[in-house]
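Have the sequence and the model open as you read.

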Amino acid sequence: GVLGLPIFALARNPILTYNLLLLFSFVASAYSMYLFTRELTGNGYAAFLAGLIFGFLPYRFAHLDHLNLLSIQWMPLCLLFLTRYLFLRQRTTARLIPLLVGFWGCYLLQVLTSFNYLFMLTYIIGIVLVATLIFQWKYAFRLGPTSRVSAFHPRQEILLFLAGACLVGLLLLPFSLPYFQANQEMGFQRTLEEAASLSARVQDYLVAPPDNLLYGAISQRFASTTSPFPREQVLFGGLVPAILACCGVVSLFFTGKLHGRFQRFHLFRLTYLALLLV
């Protein structure tokens with residue numbers, strides 16, 4: 001609504017407003033993933049390819065009428081700020097506060113875009129935090145006191161992080177309370193059978209949208225014939241991304257060893273490998 005307000009104020013055309021927001025979601029999602037991947041790899045070519053993949057997945061074309069699901073551009077930016085916060089070397093308050101504001105701000109924007117992403121993004125953040133803590137502690141213990149690994153941040157930083165979480169919770173209250181109140185009054189609740197029928201199966205990751213020129217017809221043999229909402233099972237991510245992901249995982253075991261000097265790049269890869277596997 002906020003993003004579409006200037007367009008609607010100028011054009012007074014809801015169709016034009018929706019279409020521009022739809023196109024913006026593709027470009028913005030691709031660009032945000034480009035920024036995030038460039039932070040992780042330092043490689044502009046890899047970042048460009050990652051943005052292209054993320055912004056134009058076949059999954060997105062199965063949900064062209066779900067603008068809230070397509071507007072996922074805040075998630076990579078949220079992880080970008082979180083990664084910078086976790087691996088910042090010169091940890092001063094002046095440097096930390098902008099990162100925390102960016103992180104919690106993008107989290108808030110993604111949640112307000114779609115409550116579905118409230119749960120997904122919270123799980124993702126939890127996995128990243130736990131994995132980072134484990135790997136940092138592991139390598140700090142291995143390399144000894146001479147390493148520059150910061151496994152545990154000072155109490156003030158933790159309090160700042162929690163303060164941001166509390167503020168975001170307060171800002172979400174005006175939106176979430178009416179949402180859950182209407183949910184209870186109207187009896188909007190998924191049954192166990194609905195949840196099971198809408199859950200992803202292994203073969204769903206081979207299903208592309210039917211109108212996909214390359215994979216649509218071939219992949220329909222794996223499509224669910226019993227699901228009440230078959231689009232929810234269209235989860236094919238593309239053949240090239242899967243091959244590249246496998247190559248990246250394999251290469252990690254050949255080049256991922258830490259040497260006597262800590263390099264945060266290795267922890268990046270280990271942390272997000274854990275996220276990928278989960």
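## Salt bridges

With a relative accessibility of 0%, Asp204 counts as buried. Its side chain meets that of Arg201 in a salt bridge, at 2.7 Å from N to O. Arg201 itself is partly exposed, at 29% relative accessible area. Bear in mind throughout that this is a predicted model.

How many salt bridges does a search of the whole structure find? The search turns up three. Another of them joins the side chains of Arg84 and Glu39, with N and O 3.1 Å apart. Arg84 belongs to helix H6 (residues 74-86) and Glu39 to helix H2, so this pair ties together parts that are 45 residues apart in sequence. Glu39 is buried at 17% relative accessibility, while Arg84 is partly exposed at 33%.

Then there is Asp65 with Arg231, whose side chains meet at 2.7 Å, N to O. Here both partners sit in loops: Asp65 between helix H4 (58-61) and helix H5 (67-70), Arg231 between helix H11 (216-219) and H12, so the bridge ties together parts 166 residues apart in sequence. Asp65 is partly exposed at 47% relative accessibility, and Arg231 is partly exposed too, at 33%.

## Aromatic contacts

The structure holds 13 aromatic pairs. One to look up is Phe36 with Tyr272: the ring centres are 5.4 Å apart and the planes stand at 75°, so the pair is edge-to-face. It links distant parts of the chain, with Phe36 in helix H2 (residues 14-41) and Tyr272 in helix H13 (residues 264-277), 236 residues apart. Phe36 and Tyr272 are both buried.

Elsewhere, Tyr85, Phe103, Trp104, Tyr107 and Phe161 come together as one aromatic cluster. There is also a charge over a ring: the charged end of Arg60 sits over Phe26, 4.4 Å from the ring centre.

Helix H13 also holds Thr271, which is buried with a relative accessible area of 1%.

## A nonpolar patch on the surface

Which residues form the nonpolar patch on the surface? They are Phe48, Leu49, Leu52, Phe56, Phe61, Leu64, Val240 and Leu244, with about 720 Å² of accessible area together. Helix H3 (44-55) and helix H12 (239-255) each supply at least two of the residues. H3 gives the largest share, three residues. Phe48 is found in H3, and at 55% relative accessibility Phe48 counts as exposed.

## Cysteines

If you were wondering about disulfides, the count comes to zero. Cys166 is in no disulfide, and the nearest cysteine sulfur, in Cys78, is 16 Å away. Cys166 is exposed, at 52% relative accessibility.

Cys247 is partly exposed, with 47% relative accessible area.

Most residues other than glycine have a negative phi. Arg12 has a positive one, near 55°. Arg12 sits in the loop between helix H1 (5-11) and H2, and at 61% relative accessibility it counts as exposed.

Notes:
Residues are numbered from 1 along each chain as its sequence is written. This is a predicted model: local features need pLDDT of at least 70, side-chain atom pairs count only at pLDDT 80 or more; totals for chains, interfaces and linings use all residues. Side-chain values use heavy atoms; hydrogens and water are left out. A disulfide is a pair of cysteine sulfur atoms within 2.5 Å. Buried means under 20% relative accessible area, exposed over 50%, partly exposed in between (1.4 Å probe, protein chains only). Rings of Phe, Tyr and Trp (its six-membered ring) pair if their centres lie within 6.5 Å; planes under 30 degrees apart count as stacked, over 60 as edge-to-face and the rest as tilted. Helices (H or I, at least four residues) and strands (E, at least two) are DSSP runs, numbered from the N terminus. A charge sits over a ring if NZ of Lys or CZ of Arg is within 6 Å of the ring centre and within 35 degrees of the ring normal. Patches are made of residues with over 30% relative accessible area and no salt bridge: like charges are joined within 9 Å, nonpolar side chains (Val, Leu, Ile, Met, Phe, Trp, Tyr) within 5 Å. Accessible areas come from the Shrake-Rupley method with a 1.4 Å probe; for residues, only the protein chains shown count as cover. A salt bridge is a side-chain nitrogen of Lys or Arg within 4 Å of a carboxyl oxygen of Asp or Glu.
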